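Please look over the sequence and the three-dimensional structure shown here before reading on. The paragraphs below move from the overall fold to the pocket, the charged pairs and the surface.

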Amino acid sequence: MSATISKSFPAPGSKAELEEGTVLSPRFGADGLITCVTTDLATGEILMVAHMNAEALARTIATGEAWYWSRSRGELWHKGATSGQIQTVKEIRVDCDQDALLLRVQVAGDGGCCHTGRRSCFYRKVETSGTEPRLVID
């Protein structure tokens, strides 16, 4: 493992440093994770929402490919390693208080991102007409 991957990120500084500074100091939650929204570089379509720990973020930065933390499996996950749907990261953004990330990616393989075989994990919408909300496949 390279030094880049194993290094930790600096602790968050003051509010002004977090919001206006130039140091990446992600605010991982109590569970050690930060939420990451991933979008298609060309279209802006939201592809997925996942989580990263410090190692996943460091690997993403070092390799230029998306790595996440799988909460269900309890392990690092290199997106596309088995499916071929490698996400090449073209841009990483951090929100104002550095507790959420946005990846803008190009997807290899068949272009899908969802484990159900769909392009996006957001393939259903909530329909609120009627008495109970229901999910409708879009």
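What pattern does the protein follow when it is read along the sequence? The pattern is α-α-β-β-α-β-β-β-β-β-β, and the protein has 3 helices and 8 strands, where helices (H or I, at least four residues) and strands (E, at least two) are DSSP runs numbered from the N terminus. This is a predicted model, in which local features need pLDDT of at least 70 and side-chain atom pairs count only at pLDDT 80 or more, while totals for chains, interfaces and linings use all residues. Residues are numbered from 1 along each chain as its sequence is written, and side-chain values use heavy atoms, with hydrogens and water left out. The C-alpha trace spans about 50 × 35 × 30 Å along its principal axes. Of the 138 residues of the protein, 32% count as buried, a term that means under 20% relative accessible area, with exposed meaning over 50% and partly exposed in between (1.4 Å probe, protein chains only).

The largest pocket holds about 470 Å³ of space. Of the 18 residues that line the largest pocket, the closest to its centre are Met48, Val49, Ala50, Trp77 and His115. Strand 2 (46-52) and strand 3 (67-70) are the elements that give two or more residues to this lining, and the largest share, 4 residues, comes from strand 2. A pocket here is an open set of points on a 1 Å grid over the protein atoms alone, where a 1.4 Å probe fits, with protein on both sides within 12 Å along at least five of seven lines, and lining residues have an atom within 4 Å of a point. The volume is the space filled by probe spheres set on the points, which are joined across faces, edges and corners.

Charged pairs come next. Side chains of opposite charge can pair when their charged atoms come close. A search of the whole structure finds 9 salt bridges, each being a side-chain nitrogen of Lys or Arg within 4 Å of a carboxyl oxygen of Asp or Glu. In helix 2 (residues 15-20), Lys15 and Glu19 lie 4 residues apart, about one turn of the helix, and they form a salt bridge whose closest N and O atoms are 3.1 Å apart. Lys15 is exposed, with a relative accessible area of 60%, whereas Glu19 is partly exposed at 35%. Helix 3 (residues 54-63) also holds a pair 4 residues apart, Arg59 and Glu55, with the closest N and O atoms of their salt bridge 2.9 Å apart. Arg59 is buried, with a relative accessible area of 18%, while Glu55 is partly exposed at 24%.

Where does Gln98 lie? Gln98 is in the loop between strand 5 and strand 6 (100-107), and Gln98 has a positive phi of about 60° although it is not a glycine. At 3% relative accessibility, Gln98 counts as buried.

On the surface, Leu24, Ile61, Ile92 and Val94 form a nonpolar patch with about 270 Å² of accessible area together. Patches are made of residues with over 30% relative accessible area and no salt bridge, like charges being joined within 9 Å and nonpolar side chains (Val, Leu, Ile, Met, Phe, Trp, Tyr) within 5 Å. The areas come from the Shrake-Rupley method with a 1.4 Å probe, and for residues only the protein chains shown count as cover. Val94, in strand 5 (residues 87-94), is partly exposed, with a relative accessible area of 36%.
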